Amino acid sequence: MMNIIFESITPDFMIYLLDMVGVVACAIAGTTLALHKKFDFFGCILVSMVNAIGGGTIRDVMLDRHPLFWMTDLNYVIVITLTSLICQVLFNYYQKIDWTLKFFDAIGLAAFSVIGLKVGLTLGAHPMIAVMMAVLTSIAGGIMRDMICNEIPLVLQKEIYISASITGALLYFMLGQIGASDAIQDTLTLVTIFGVRMLAIRFDWHLPSIRLNSDT
């Protein structure tokens with residue numbers, strides 16, 4: 001029975017499922033930050049939209065992938081809007097805003113990294129370009145969200161963020177080289193990216209800055 005279920009899951013369906021997971025997570029993260037900044041009803045929805053579909057939009061424009069996914073499938077807009085509304089209603093139940101934001105941001109990072117990588121490879125992009133698409137898909141929305149909310153984007157700080165996405169992408173290719181199935185590749189890549197990001201938050205890991213010593 002389980003084999004039949006797994007065999008019925010097509011690559012396109014898996015990409016769509018991961019996309020929705022990332023969209024929901026990023027909508028929660030975006031709405032949480034917007035509410036913390038005291039944005040109004042529509043402002044929260046706008047920030048959640050930018051966070052959830054901004055990276056994928058820029059990726060598709062760069063890859064000349066038209067029409068844009070959210071323009072042909074209104075489920076994206078509906079899911080983001082409903083998620084934002086629910087978050088606005090339940091906002092007072094969130095006790096740790098910073099942790100909530102980073103937790104759901106990590107889920108979005110993992111899901112969108114895999115999505116960007118798979119979309120790039122599906123369109124025949126060079127593996128290096130596919131890795132760049134993975135990073136772009138996972139960080140662009142968050143950068144725009146933070147800029148709208150007048151915050152310094154996380155990815156421009158010393159956070160373990162882009163490196164987590166790249167680590168996951170490299171693992172994806174390594175698993176492919178040893179003949180792992182698509183399901184195993186996707187799952188282990190997701191877990192790795194999410195795990196690295198959450199461990200970095202838990203133990204306060206940061207990338208070092210490269211600075212030249214000066215006597216002056």
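Tutor: In this predicted model, phenylalanine 41 has a relative accessibility of 37% and therefore counts as partly exposed, because that class lies between the 20% and 50% cut-offs. Phenylalanine 42, with a relative accessible area of 61%, is exposed, since exposed means over 50%. A search of the whole structure gives eight aromatic pairs. One of them joins phenylalanine 41 and phenylalanine 42, whose ring centres are 4.7 Å apart and whose planes make an angle of 80°, an edge-to-face arrangement.

Another edge-to-face pair is made by phenylalanine 103 and phenylalanine 194, with 5.8 Å from centre to centre and 85° between the planes. This pair links distant parts of the chain, as phenylalanine 103 belongs to helix 6 (residues 97–122) and phenylalanine 194 to helix 9 (residues 182–203), 91 residues apart. As for accessibility, phenylalanine 103 has a relative accessible area of 24% and is partly exposed, and phenylalanine 194, at 26% relative accessibility, is likewise counted as partly exposed. Both phenylalanines also belong to one aromatic cluster, which is formed by Trp99, Phe103, Phe104 and Phe194.

A ring can also have a charged group over it, as at phenylalanine 203, where the charged end of arginine 202 sits over the ring at 5.1 Å from its centre.

How values were computed: Residues numbered from 1 in each chain as written. Predicted model: local features only at pLDDT ≥ 70, side-chain atom pairs only at ≥ 80, totals over all residues. Heavy atoms only, no water. Phe/Tyr/Trp six-rings, centres within 6.5 Å; stacked < 30°, edge-to-face > 60°. Buried < 20%, exposed > 50% of the residue type's maximum accessible area, 1.4 Å probe, protein only. Helix = DSSP H or I, 4+ residues; strand = E, 2+ residues; numbered from the N terminus. Lys NZ or Arg CZ within 6 Å of the ring centre and 35° of its normal.
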